[in-house]
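Please look through the structure below before reading on.

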Amino acid sequence: MSSVLPAVLSDLTSGSHRGVVVDSPPGAGKSTLVVNATAAMVSNGHLPLMIVAQTNEQVDDLIVRLVAALPAGVGVGRLSAQGYVAPSRIASHAQVTVGSKVADLGPVLIVIGTAAKWATLSEGTWPWAIVDEAYQMRSDMLLRIANRFDRALFVGDPGQLDPFSVVESERWTGLTWDPMQSAVAVLLRHNPDLPVHRLPVSWRLPCSAAPVVSQAFYPFSGFTSGTGEGDRRLGLSGAGAGGPLDAAVEMAADTGWALYELPARHTLRTDAEAAEACASLARRVLERGAVAYSEQARDGAPVTASRIAIGAAHRDQVAAIRSYLGDLDITVDTANRLQGREYDVTIVLHPLSGRRDATAFHLESGRLCVLTSRHRHACIVVARAGIPDLLDAHPSTEPVHLNVPVKFPDGWEANQAVMAHLDGHRVALS
Amino acid sequence: MSALTALARVSAVSSGVAQRIATVRHVHLSDRPLVFIPLALAGEANAPLAALVGSSFDSPQLLVVLQPRNRDERFAFAARLAAVFLSYVDSFRGETETVPAGRNTDPRERYVDAPQILVPNGGGVGFVRLLGRSTRFRRTEGEYAVEPSVPLLGRWLTFFAERAEYPGSSLLLNMTGALGMHWATGQSAVEDANLAALVGWIDPPDGMTGADAALEAEDPLTWPPAGPATDPTFDNEILAPAIEAGSLSRLESALRRQLEPTWELMWRGVSLLRNLPPGARVERRWAEDRDAFTGYASYVDEGGYPQARRDGAVAAAQRLARLERAQVLYDAQRAYDDPLILAEYRLTGEAFAGTVTASAPDRIDDSGKRRVLRPRVTVSSSDPVRFEPGVSVVSPARPSQTGRVVSVSPLPSGFEVVLELSGGMGRGLTAPPGSVPEVGERLTYTTLTESYQAPAAFPAREETPWTHGGPPVEYVPDDDDAVEEWS
């Protein structure tokens, strides 16, 4: 990444472009890039600087990392909604001032807030801006904040979920400023000459996962794993009782992937058997005393409940899985909410499991990409048998619209690619 | 499809008749709707072929185009439709009422009633939209001039079609959509788009099951398609020879036979919907429709431009924000009005029902600058409660009161939820009797909210930022406005 940052900054400050885009695959050091870019802009005097993130949690995470990286005495203003209570990790820093108006922040040169908060400002201009998670932001949000800055660095992961809306409308399809598109898509359609940089290495995904995720979801840009064969290892210290759950956990520990395949069946979204299987697998990982050996912990670190996550497509599925977990403090969430997070082991309820049809929602490549790229060591996918057949029966039927750029990867193809890989890691329930 | 709808569809199959999925009617139904059944010529983009239109069952008016490929006749059809349509719309521009000033609005006048257009299906809405698009920019003088009523019709049709996108609006309804909101049949969603099959499931003739009636509806001789597309066999064997012969009377009688069964179905649909009691908030949404109607009528009077062909960057973002806000409100209002819809949210974990087991109506919170009344109630529920502390919930029985979840603790069966209440209790430090739920009361709480939200701020049109193409050029009406890229 050290090689990308100088090029990014020189494009941004050269004066010939108003914006620079940096595409980052999962775990490629996007946040580090934002922090380092900020530090460089502070030391070069490219100030005042506004920083935009998408959620309060992202803003707070970023502040913690910024404070650690910036020289003492550089103040950071945290623009927040009224009623926001700063968590202790923010409030404990004297460098950080919190306020709901810019005037309340004092003479700080770095102001950071959520896009939604920035959109409430009707005046003020910052010469420099960094927009984090720009692919998660809808273009109408960018429209509301773009008059606040002169030049901006947009950072994000193009493979993640596209922003969505509760209303469906085709009336803007094909317009260059379609408000349903991501901020970066609209930005690049109006400014096709903007430089686009890519971070080439994923530090999160192990070498068992990077090629799979790269080929399925980033077919043209591609990336590699920062760690090699043997750098990461998942050990199981406890003995297993045999049986499919153990077989799946062992398969995942050995190869980084496992497909825990339930018998084919059409089910409700909240498939009780599949939900229970997700919870049981998570529990079995803990019971087997999994230990993660990596470049960060050469002597091994135990995989605790907080290092395991279970992902699903829908909120009711999340609730169903949670109901089988009892008091275990394991993260269970939807793909949308798991974006940007990292765990040692993830368990994924496949979006197409038990379905009779493959809708655009369930085929969206970003959903599966998020779910299968959160792990540092292993990913176990839970699914009903027959997904490849379901895919074959439902080829993409989305209409082709005039004036809409073709988007890659194709969700159907990405799903096929992942299933083809998982076929070699199958643990089937007889 | 939600679990309850899936269940209703299954029981529709086993019982042989469509099942209600709503306890009340969620659309407004006018006393005098304008039923409009358009037909288009196959193979041409939205070329009007015929229409049956009228605001009472006994007096449908048949409009026919002798040669649908002739564009002059197409606009002559639009002029004849305009005569019916615009006089119907104008008939609502009589009595007004005064709406008092609101939070950010001045007092205003509003018509006491508004027109309502009913088309058979989603395709009918599309026909209205496209006919509006092809007529609203037409010139009334010079080359290819049309009747002055034609562009005016185009603007009104566009108004109705755009309003149909607005969640909760009833100005332009499609019958299959309106019926499908209230009944689940034992057939697929694609089959539900056939009006005859859908009405057959809901109200099968004596001695028949819904499935029998739907099967019969598949025969285009008994039940011709409800438009805008026509039956291909009819096209080939009856329509083509009649157009070729150029005989108006032959064409009229053939098309009347195609349209009349649908006309009957439309009015059967109207009476099916009328038999449902309206939801409590339907009237409120209709008032918004009347506001929109009043606003557009005066905009037309003031000589405003026809609706733009496409939205600019700012207009698109603003419209999306309005639509999203309306959708959230509409979802909440339907759930508040209808326990069956609220039950769906209980199943997805966005609501829970329970009985009040403890109540502290006089609890005062004095931790802040000011002492405030913050009663607490404990609700025990057998639903799987999935709320975190801090979440705000509202009970449809007490919509002005907000409860903040203080704690959720598991019971042997179910959960116990402690809520801290605010609002709906007057301004004093003692709660008026009845304003705080009492022990033994059964309530449902949900996160759906119909509370006011300030509209989002957008840059002015001329301040469109560089990320979105910069400020657009000013619109100047032009002879080429009506030209399509492909025409």
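**A walk through chains A and B**

A:P48 sits in the loop that connects α2 (30–43) and β2 (49–53) of chain A. Helices (H or I, at least four residues) and strands (E, at least two) are DSSP runs, numbered from the N terminus. The model is a predicted one, in which local features need pLDDT of at least 70 and side-chain atom pairs count only at pLDDT 80 or more, while totals for chains, interfaces and linings use all residues. Residues are numbered from 1 along each chain as its sequence is written, and chains are lettered from A and ligands numbered from 1 in the order in which they are written.

The peptide bond that leads from A:L47 into A:P48 is cis, and its omega is near -10°. Chain B has a cis peptide bond between B:G227 and B:P228, with omega about -10°. B:P228 lies in the loop between α8 (210–216) and α9 (232–245) of chain B. A further backbone feature is found at A:E133, which is not a glycine but has a positive phi of about 50°. This residue, A:E133, belongs to the loop between β6 (126–131) and α6 of chain A. As background, most residues other than glycine have a negative phi, and most peptide bonds are trans.

Next come the sheets. Strands of a sheet pair through backbone hydrogen bonds, either parallel or antiparallel. Here two strands count as paired if DSSP finds at least two bridges between them. Within β13(A), A:V291 is the residue opposite A:G235.

Chain B has an open sheet of 5 strands in the order β4-β3-β2-β7-β8, and its pairing is mixed. At the edges are β4 (61–64) and β8 (172–174) of chain B, which each pair on one side only. On average, and ignoring direction, neighbouring strands of this sheet are turned by 20° against each other. Strand β2 (residues 34–40) and strand β3 (residues 48–54) of chain B run antiparallel and are joined by 6 bridges. One residue to look for is B:V35, whose bridge partner in β3(B) is B:G54.

α2(B) touches β2, β3 and β4 of chain B, and its direction makes about 15° with that of β3(B). Contact means that the C-beta atoms of two residues, placed from the backbone, lie within 7 Å. Axes are lines fitted to C-alpha atoms, for helices over the stretch in contact, and angles run from 0 to 180 degrees between N-to-C directions. Helix α3 (residues 122–135) of chain B lies across β2, β3, β7 (117–119) and β8 of chain B, at about 145° to β8(B).

How do helices pack on each other? In chain A, helix α8 (residues 210–217) and helix α16 (residues 411–422) have axes 8 Å apart and pack at an angle of about 155°. α8(A) and α16(A) are therefore roughly antiparallel to each other; angles under 35 degrees count as roughly parallel, over 145 as roughly antiparallel, 65 to 115 as roughly perpendicular and the rest as oblique. In α8(A), A:V212, A:Q215, A:A216 and A:F217 meet A:A414, A:A417, A:V418 and A:H421 of α16(A). This contact has 6 nonpolar, 2 polar and no charged residues. Ala, Val, Leu, Ile, Met, Phe, Trp, Tyr, Cys and Pro count as nonpolar, Asp, Glu, Lys and Arg as charged, and the others, Gly among them, as polar.

In chain B, the axes of helix α2 (residues 71–90) and helix α4 (residues 149–164) come within 8 Å and cross at roughly 60°. That makes α2(B) oblique to α4(B). Among the residues making the contact are B:F75 and B:L86 of α2(B) and B:W156 of α4(B).

Finally, the domains, whose bounds come from an automatic or database domain assignment. Chain A is divided into domain 1 (4–199) and domain 2 (210–428), with C-alpha centres separated by 30 Å. Chain B has domain 1 (3–309) and domain 2 (351–446), and their C-alpha centres lie 45 Å apart. Where the chains meet, chain A gives 27 residues to the contact and chain B gives 28.
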